[in-house]
Amino acid sequence: MSDCVFCNIVGGKIPSALVYESEHVIAFKDINPQAPVHLLIVPRKHIPTTMDITEEDMKSIIPEVFAAVKHLAKQFGLEQDGFRVINNCGENGGQTVDHLHFHLLGDRQLTWPPG
Ligand code: 5GP
Ligand code: ZN
């Protein structure tokens, strides 16, 4: 989608600090970090929200999301102290970019419950 910020990052039209790439997903640093490590794991395919994930996406894309989580947790030294993976879905979930993405936050003590 030409007007989607994450499609434009995937397509290289908007610059980003890329930290990981695989067949179906990329990861880059969040532009407005909420923790010392704040990465976004994003499917290359434009999927608006979690509710739009297809059965095929479940097999091809979603496993790569969690492969990216594990890889990046090691790459950024988070595996010992822990980290958080978040998907905000829709208005009540606080989703602001309508292209499926997973936040990976770490390198500080995170609190619960979230706001
Ligand atoms: P959401 O609120 O949809 O779960 O998260 C969207 C995230 O995308 C926010 O944390 C925001 O800072 C990040 N973001 C929005 N636009 C850009 C951008 O152009 N580049 C990067 N790197 N992150 C962005
Ligand atoms: Zn998109």
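Q: Where does Asp107 lie?
A: Welcome! Asp107 lies in the segment after β5, and β5 spans residues 102–106. Please keep in mind that this is a predicted model.

Q: What makes the backbone of Asp107 worth a look?
A: Asp107 has a positive phi of about 75 degrees, although it is not a glycine.

Q: Which peptide bond is called cis, and what is its omega?
A: That is the bond from Trp112 to Pro113, with omega near 5 degrees. Pro113, too, is found in the segment after β5.

Q: Why is Val25 called buried?
A: The word buried applies under 20% relative accessible area. Val25 comes out at 0%, so it counts as buried.

Q: Where is Val25 found, and which residues is it in contact with?
A: Val25 is found in strand β2, which covers residues 25–29. Leaving aside neighbours within four places in sequence, its contacts include Tyr20, Ile41, Val42, Pro43 and Arg44. Ile61, Glu64, Val65 and Ala68 are also in contact with Val25.

Q: How do you know that Phe28 is buried?
A: Set its value against the cut-off of under 20%. Phe28 has 3% relative accessibility, and therefore it counts as buried. Its place is in strand β2.

Q: Which residues is Phe28 in contact with, once its neighbours within four places in sequence are left aside?
A: Among them are Phe6, Ile9, Ser16, Ala17, Leu18 and Val19. To be called a contact, heavy atoms must lie within 4.5 Å.

Q: How far apart are Phe28 and Ser16, and how far apart are Val25 and Val37?
A: Phe28 and Ser16 are twelve residues apart in sequence and 6.3 Å apart in space, C-alpha to C-alpha. Val25 and Val37 are also twelve residues apart in sequence, but their C-alpha atoms are 19 Å apart in space.

Q: Why is Asn8 called buried?
A: Asn8 has a relative accessible area of 12%, and the limit for buried is under 20%, so the word applies. Asn8 lies in helix α1, a helix of residues 5–10.

Q: Which residues does Asn8 touch, not counting residues up to four places away in sequence?
A: Asn8 touches Ser2, Asp3, Lys13 and Ile14. As for Arg44, it is 36 residues from Asn8 in sequence and 10.0 Å from it in space, C-alpha to C-alpha.

Q: What makes Glu79 partly exposed?
A: Partly exposed covers the range between the limits for buried, under 20%, and exposed, over 50%. Glu79 has a relative accessible area of 44%, so it is partly exposed.

Q: Where does Glu79 lie, and which residues is it in contact with?
A: Glu79 lies in the loop between α3 (62–75) and β4 (83–86). Leaving aside neighbours within four places in sequence, Glu79 is in contact with Ala73 and Lys74. Glu79 and Asp3 are 76 residues apart in sequence and 36 Å apart in space, C-alpha to C-alpha.

Q: How many residues surround ligand 1, and which are the closest?
A: Ligand 1 has 16 residues around it, and the closest are Lys29, Asp30, Asn88, Thr96 and His103. The space taken by ligand 1 is the largest pocket.

Q: Which elements each supply at least two residues of the shell around ligand 1, and which gives the most?
A: α1 and β2 each supply at least two. The most comes from α1, with three residues.

Q: What makes the pair formed by Asp30 and ligand 1 a polar contact?
A: A polar contact here is a pair of N or O atoms within 3.5 Å. A polar side-chain atom of Asp30 lies 2.5 Å from an oxygen atom of ligand 1, so the pair qualifies. A backbone N or O atom of Lys29 lies 2.9 Å from a nitrogen atom of the ligand. For Val97, a backbone N or O atom lies 3.0 Å from an oxygen atom of ligand 1.

Q: How much of ligand 1 does the protein bury?
A: Taken alone, ligand 1 exposes 520 Å², and the protein buries 83% of that.

Methods
Residues are numbered from 1 along each chain as its sequence is written. Chains are lettered from A and ligands numbered from 1 in the order in which they are written. This is a predicted model: local features need pLDDT of at least 70, side-chain atom pairs count only at pLDDT 80 or more; totals for chains, interfaces and linings use all residues. Side-chain values use heavy atoms; hydrogens and water are left out. Helices (H or I, at least four residues) and strands (E, at least two) are DSSP runs, numbered from the N terminus. Buried means under 20% relative accessible area, exposed over 50%, partly exposed in between (1.4 Å probe, protein chains only). A residue is near a molecule or strand if one of its heavy atoms lies within 4 Å of it. A polar contact is a pair of N or O atoms within 3.5 Å; within protein, one must be able to donate a hydrogen and the other to accept it, and residues adjacent in sequence count only if both atoms are side-chain atoms. Accessible areas come from the Shrake-Rupley method with a 1.4 Å probe; for residues, only the protein chains shown count as cover. On a 1 Å grid over the protein atoms alone, a cavity is a set of points where a 1.4 Å probe fits but cannot get out, and a pocket is an open set with protein on both sides within 12 Å along at least five of seven lines; lining residues have an atom within 4 Å of a point. A molecule sits in a cavity or pocket if more than half of its atoms lie within 2 Å of its grid points.
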